[in-house]
Structure formats: C-alpha cells, structure tokens
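User: I have a model open and would like to go through it with you. Can we begin with the parts I should be careful with?
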Amino acid sequence: DHDMAARLAARMGMGHEPATVHAVDDVSFSVAPGEVVGLVGESGSGKSTIGRMIAGLLPPTHGTIRFEGADITTRNRAETTAAALQIQMIFQDPMSSLNPRMRVRDIISEAPVYHGIITQSQAREFVAQMLERVGLEPTAGDRYPHQFSGGQRQRIVIARALAVSPQFLICDESVAALDVSIQAQVLNLFMRLRRELGLAYLFISHDLGVVEHISDRVVILYLGRVVEIAPTDALFSDARHPYTQALLAEVPRLSFEKRRFEPIKGEIPSPMNPPPGCHFHTRCPFAGPRCSREVPRLRQDGPRAVACHLEDGGVA
Ligand code: SF4
Ligand code: MG
C-alpha cells in the first residue's frame with residue numbers, strides 16, 4: 001500500500017562478535033507516520049541496539065533500514081543527511097548528552113544553524129519558540145544545563161531534537177531517570193508534541209506501564225528477537241506470548257493478569273550465548289521438546305504477530 005513509502009521499516013541484524021553490544025537477530029518492524037510504537041524488553045534484549053541502529057549511531061552487520069522509502073542503513077553520505085535529521089534520538093540521561101559549557105541557546109541552535117535551517121541572527125527568536133514548545137521559559141536560553149532540574153534538562157534535549165524538524169523520535173528510556181511525577185509530565189509533553197507536530201515515536205522502555213500510556217502498538221523483544229507485536233489494547237487484554245504474559249504479571253497494578261500468569265522465573269540468559277530454539281524455553285512454563293530444537297517463526301495474524309510454537313502446531 002502507498003503508506004509503506006512513508007513508513008520506517010527496519011530489518012536488521014547485529015553480529016555476535018562485538019562484546020559491548022547486545023546481539024539482535026533479524027528484527028523486523030515498521031513505524032507509520034504519526035504512530036507511537038513501544039519497544040519493550042529486559043536489559044540485554046537488544047532494544048537500545050535497535051534504537052541506535054535506526055538512529056544511525058551503530059551500523060548493522062546486515063539488513064536494511066528504510067525511511068520514507070529510502071535506504072538509510074549507512075548514513076555517512078551527504079544525501080542521507082536530510083533523512084538523518086528527520087530521525088532524532090533522546091536518551092535516558094539528559095546531563096550526559098548536554099555540553100555543560102554551552103548555553104542552552106547555543107545547544108538548541110547549533111544544528112539548525114549548521115544545517116542552514118536558520119541563520120545565526122534568527123537563533124534567539126527561534127530558540128525562544130523551541131523552549132516555549134517544550135514548556136520552558138523563553139529566557140532559559142541564557143542559562144547553562146546545570147541550572148535546570150532533571151525534567152527541565154530532558155525538555156532542553158527534546159527542544160534540541162525538535163530544532164531540526166524531525167518526523168521521528170527514538171526515545172530510549174527517556175523518562176526512566178526521572179521521578180514518577182516528572183515522568184508523567186514529560187510523557188504528556190511527548191503526547192502533546194505528537195498531536196501538534198504529527199511526530200512518530202519509537203518508545204524504548206523496560207517499563208510496560210510507561211509504554212501502555214504512550215504507545216499505539218507494542219513490540220516485545222526477548223534476547224534480540226521479536227516475540228510479539230500487537231496493538232496496545234490487545235496486548236494488555238490478551239497477551240499471547242508466554243514471555244509477554246509473564247511481563248504483564250510483573251506490572252503491579254494489573255491484578256487480574258497477576259492471577260492468570262506467573263511472573264518470570266530465573267535469570268535472563270546471556271545475550272551473547274542465548275539458548276537454542278526458542279530463546280525463552282529455559283524460563284517458559286509451557287516449554288516442550290520442540291522449543292529447544294526449533295526457532296519459532298514470527299507469525300502474522302491481522303495486526304498481531306506472535307513467535308511461539310503454541311500458536312503454530314504445538315510444543316511436542
Ligand atoms: Fe514457551 Fe515454547 Fe512458546 Fe517458546 S515456543 S514461548 S518455549 S511454548
Ligand atoms: Mg538500554
């Protein structure tokens with residue numbers, strides 16, 4: 001369908017060689033314009049690796065990343081710069097991504113001036129607009145990052161991202177370091193920006209509560225593989241993959257789910273040396289002989305997809 005041209009489609013893999021990055025194995029999903037997709041998994045699931053590959057910060061060893069129909073897998077060429085600006089990443093810790101010696105005005109105007117989106121003489125007015133857009137005083141541009149709270153600093157990071165007019169934000173645990181009340185404020189900001197600017201998001205989080213709040217669809221990762229994709233409502237009312245069910249059992253307020261499913265037993269195995277077959281078989285209460293032998297396929301069923309032998313002929 002013609003929508004596909006405007007989707008972000010990421011199909012990528014990450015080899016097992018580099019010891020510092022978590023392996024990702026043939027992950028494939030897309031994000032439509034204006035859509036919020038939550039990407040959920042435990043630490044070591046590869047969710048940050050995927051975000052960094054889409055943002056162009058980490059090259060995949062194989063596979064392609066497409067944006068608006070164009071291959072942006074390698075982004076060191078001039079013709080891919082425009083696409084790179086369209087995709088901005090927002091990390092967990094705003095302090096480490098803000099230069100402490102730069103005024104907020106220069107932090108926000110640096111990229112748009114460099115890329116010719118605005119001139120230096122337009123910077124003051126432009127920065128004031130960006131700051132207002134994220135709920136900060138226009139005069140905040142005169143100050144330095146350390147003069148702001150954690151939540152305000154994250155707003156500065158968001159303003160810097162918005163300054164190059166992106167269509168797509170990758171948020172990697174972007175509210176995880178903030179107090180719960182501040183988390184809600186920043187999430188509300190993300191939702192407002194989506195309404196006002198039509199932004200799409202890939203919202204990476206270990207926290208299903210946060211993801212439920214903000215996402216249209218959710219992608220569940222386990223040890224570098226997608227195990228389930230579903231519209232958010234469907235996922236929370238009718239999780240199909242045993243790993244998703246176990247994750248839901250750990251969300252405290254979902255008392256109904258808690259009675260239906262057992263929380264996950266055991267440690268997550270090393271992502272460098274995942275179990276054969278279904279990676280989840282070492283912790284799955286439903287595992288059978290087939291599960292350690294054969295990798296389950298991610299089977300599409302309408303808007304949903306599940307990778308589990310229970311949904312595909314059984315575990316025997
Ligand atoms: Fe559990 Fe087997 Fe399904 Fe994996 S394939 S989630 S081990 S039942
Ligand atoms: Mg991470």
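User: Where does pLDDT stay under 50, and how many contacts does the model have there beyond four places in sequence?
Analyst: This is a predicted model. Residues 255-259 stay under 50, and the model has three contacts for them beyond four places in sequence. Helix α10 (residues 255-260) has the lowest confidence in the chain, at a mean of 48. Another stretch with pLDDT below 50 is residues 16-22, which has 10 contacts in the model beyond near neighbours in sequence.

User: What should I do with coordinates where pLDDT is low?
Analyst: Where pLDDT is low, the predicted coordinates should not be read in detail.

User: And where is confidence highest?
Analyst: In helix α11 (residues 289-293), at 98. The chain averages a pLDDT of 86, and 87% of the residues score at least 70. The model scores are ipTM 0.95 and pTM 0.88.

User: How many helices and strands does the chain have?
Analyst: There are 11 helices and 12 strands. Of the 316 residues, 41% are buried. Taking contacts between residues at least 6 apart in sequence, 62% join residues at least 24 apart.

User: Let's look at α6. How far apart are its end C-alpha atoms?
Analyst: They are 25 Å apart. Helix α6 has 18 residues (180-197) and should span 26 Å at 1.5 Å a residue, so the two values agree.

User: Which residues of α6 are buried?
Analyst: Gln-183, Val-186 and Phe-190. Looking down the axis of α6, the buried residues fall within an arc of 70 degrees, so they line one face of the helix.

User: Why would residues three or four places apart point the same way?
Analyst: Because an α-helix has 3.6 residues a turn.

User: What covers the buried residues, and what is on the other side of α6?
Analyst: The cover includes α5, β8 (200-205) and α7 (208-214). Exposed on the other side are Ser-181, Arg-195 and Glu-196. Just after α6, Gly-198 has a positive phi of about 70 degrees.

User: Which residues have a positive phi without being a glycine?
Analyst: Ser-165 is one of them, at about 50 degrees, and Leu-223 is another, at about 45 degrees. Ser-165 sits in the loop between α5 (150-162) and β7 (168-172). Leu-223 is in the loop between β9 (217-222) and β10 (225-231).

User: Is Leu-223 buried or exposed?
Analyst: Leu-223 is buried, because 26 other C-beta atoms lie within 10 Å and the cut-off for buried is 20 or more. Ser-165 has 13 within 10 Å, so Ser-165 is partly exposed.

User: Back to α7. Where is Gly-209, and how far is Val-251 from it in space?
Analyst: Gly-209 is in helix α7. Gly-209 has 13 C-beta neighbours inside 10 Å, so it counts as partly exposed.

User: Last topic, ligand 1. Which residues are closest to it?
Analyst: Cys-278, His-281, Cys-284, Cys-291 and Cys-308 are the closest of the 13 residues that surround ligand 1.

User: How does that shell split by class?
Analyst: The shell around ligand 1 has 11 nonpolar residues, two polar and no charged ones. Cys counts as nonpolar in this scheme.

Notes. Residues numbered from 1 in each chain as written. Chains lettered and ligands numbered in written order. Predicted model: local features only at pLDDT ≥ 70, side-chain atom pairs only at ≥ 80, totals over all residues. Helix = DSSP H or I, 4+ residues; strand = E, 2+ residues; numbered from the N terminus. Buried ≥ 20, exposed ≤ 12 C-beta atoms within 10 Å, placed from the backbone. Contact = placed C-beta atoms within 7 Å. Near = placed C-beta within 6 Å. Expected span 1.5 Å × (residues − 1). Arc of directions from axis to C-beta. pLDDT = per-residue confidence, 0-100.
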